[in-house]
Amino acid sequence: MLAKVDTALQPNTKPQKNEKYSCQDLLKELILSSNLKALKKFKEVNVRSESISADKITIEVYAKETSDRTGELRTVENTVAWLEFIPESKKLYDITADPESPVTLNYDKSIFTRHSLSELCSLKTAKSVQRKADISCKEISGEMASGQECILSSTTLLAAYKDLIDQSAVKDSKYLPKKLPQKNTSIEVNQNGLMNIDFQIAAGKVSIEMGYAGGITDVILQQQGNNVKRTVMYNAN
């Protein structure tokens with residue numbers, strides 16, 4: 001539950017420090033006050049900061065729903081929006097549809113008269129606060145295929161995808177888009193033998209197929225609780 005807001009405070013009131021009020025609380029209050037279209041579709045949403053730095057805060061907005069697809073009722077998380085907040089300019093952007101063409105959102109800026117963003121989100125003391133994953137891997141093989149299966153602990157799909165590129169965990173990772181597409185996407189490459197890259201985006205799972213003249217490389221990122229299972233398979237034709 002969000003902390004109560006004292007509406008009697010004046011705009012020039014010095015930000016107050018509340019020990020029970022966190023960075024996540026601030027981001028949630030900020031987003032709930034915005035004109036984000038996804039808020040109209042769900043009774044309740046939650047937020048988590050994917051990464052925090054003095055330059056940019058990336059935020060995942062998700063809803064919890066009950067599903068019986070596995071034969072038993074369980075609660076699943078479905079991402080409904082991706083946002084970026086720029087601390088310096090206090091701008092909030094919706095990057096869900098296209099990270100390259102963000103949509104500017106309006107929100108209640110008086111929030112910052114009541115709470116200090118830099119203190120709550122530790123922007124003064126930490127240039128960058130990102131989730132770091134411990135990785136354990138094993139080699140796997142199949143008929144005319146070989147690869148690697150890894151468990152990345154305490155991370156998310158977005159961070160696991162970034163790690164896939166940063167650590168060159170798959171051949172020709174330099175041709176992957178820097179930001180994970182939010183919907184099913186097909187990209188023509190036609191470089192270095194790589195013809196195309198297809199993305200299949202589902203709740204808690206990302207499937208990437210990299211098509212070559214001589215075979216296919218399959219990459220699967222799957223959320224498993226707080227961890228992500230990363231499978232990379234090189235398949236020959």
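This is a short walk through the structure in your viewer, stop by stop.

**Before you start**

The model is predicted, so to speak of local features asks for pLDDT of at least 70 and side-chain atom pairs count only at pLDDT 80 or more, while totals for chains, interfaces and linings use all residues. Residues are numbered from 1 along each chain as its sequence is written, and side-chain values use heavy atoms, with hydrogens and water left out.

**Stop 1: the disulfides**

Begin by selecting the cysteines. How many disulfides does the structure hold? There are two, where a disulfide is a pair of cysteine sulfur atoms within 2.5 Å. Such a link is a covalent bond between the sulfur atoms of two cysteines.

Select Cys 23 and Cys 121 and zoom in: a disulfide joins them, S to S 2.0 Å. The two cysteines come from distant parts of the chain, 98 residues apart: Cys 23 is in helix 1 (residues 23-32), and Cys 121 is in the loop between helix 3 (117-120) and strand 6 (128-130). Helices (H or I, at least four residues) and strands (E, at least two) are DSSP runs, numbered from the N terminus. Look along the bond and you will find a right-handed link, with 90° about the S-S bond. Both Cys 23 and Cys 121 are buried; buried means under 20% relative accessible area, exposed over 50%, and partly exposed in between, with a 1.4 Å probe and protein chains only.

Now move to Cys 137 and Cys 150, joined by a disulfide with S to S 2.0 Å. Cys 137 lies in strand 7 (residues 135-142) and Cys 150 in strand 8 (residues 145-152), 13 residues apart. The torsion about this S-S bond is about 110°, so the disulfide is right-handed. With the bonded cysteines of the chain numbered in sequence order, the pairing reads 1-2, 3-4.

**Stop 2**

An open sheet of seven strands runs in the order 7-8-13-12-11-10-9, with antiparallel pairing; two strands pair if DSSP finds at least two bridges between them. Strand 7 and strand 9 stand at the edges, each with a single partner strand, so one side of each is left without a neighbour in the sheet. On average, neighbouring strands are turned by 15° against each other, direction ignored. Axes here are lines fitted to C-alpha atoms, for helices over the stretch in contact, and angles run from 0 to 180 degrees between N-to-C directions.

Strand 7 and strand 8 pair in the antiparallel sense over eight bridges, and Glu 139 stands opposite Gln 148 in strand 8.

Next, show helix 4 (residues 157-166), which packs on the sheet, touching strand 7, strand 8, strand 10, strand 11, strand 12 (215-224) and strand 13 (227-236). Contact means heavy atoms within 4.5 Å. The direction of helix 4 makes about 145° with that of strand 12.

**Stop 2: two hairpins**

Strand 9 (residues 185-191) and strand 10 (residues 194-202) pair in the antiparallel sense over five bridges, and Gln 191 has Leu 194 as its bridge partner in strand 10. Which residue takes a positive phi in the hairpin of strand 9 and strand 10? Pick Asn 192, with a phi near 55°; this hairpin has two residues between the strands.

Follow the chain onward: strand 10 and strand 11 (residues 205-212) pair in the antiparallel sense over eight bridges. Ile 201 stands opposite Val 206 in strand 11. This hairpin also has two residues between its strands, and Gly 204 in the turn has a positive phi of about 75°.

While here, select Ala 202 in strand 10. Ala 202 is partly exposed, with a relative accessible area of 47%.

Stop 3: On a 1 Å grid over the protein atoms alone, a pocket is an open set of points with protein on both sides within 12 Å along at least five of seven lines, and lining residues have an atom within 4 Å of a point.

Select Lys 56, Thr 58, Leu 158, Lys 162 and Lys 179, which lie nearest the centre among the 21 lining residues. Helix 4 gives the most to this lining, with six residues.

Technical notes:
1 Å grid on protein atoms, 1.4 Å probe; cavity = no way out; pocket = protein on both sides within 12 Å on 5 of 7 lines; lining within 4 Å.
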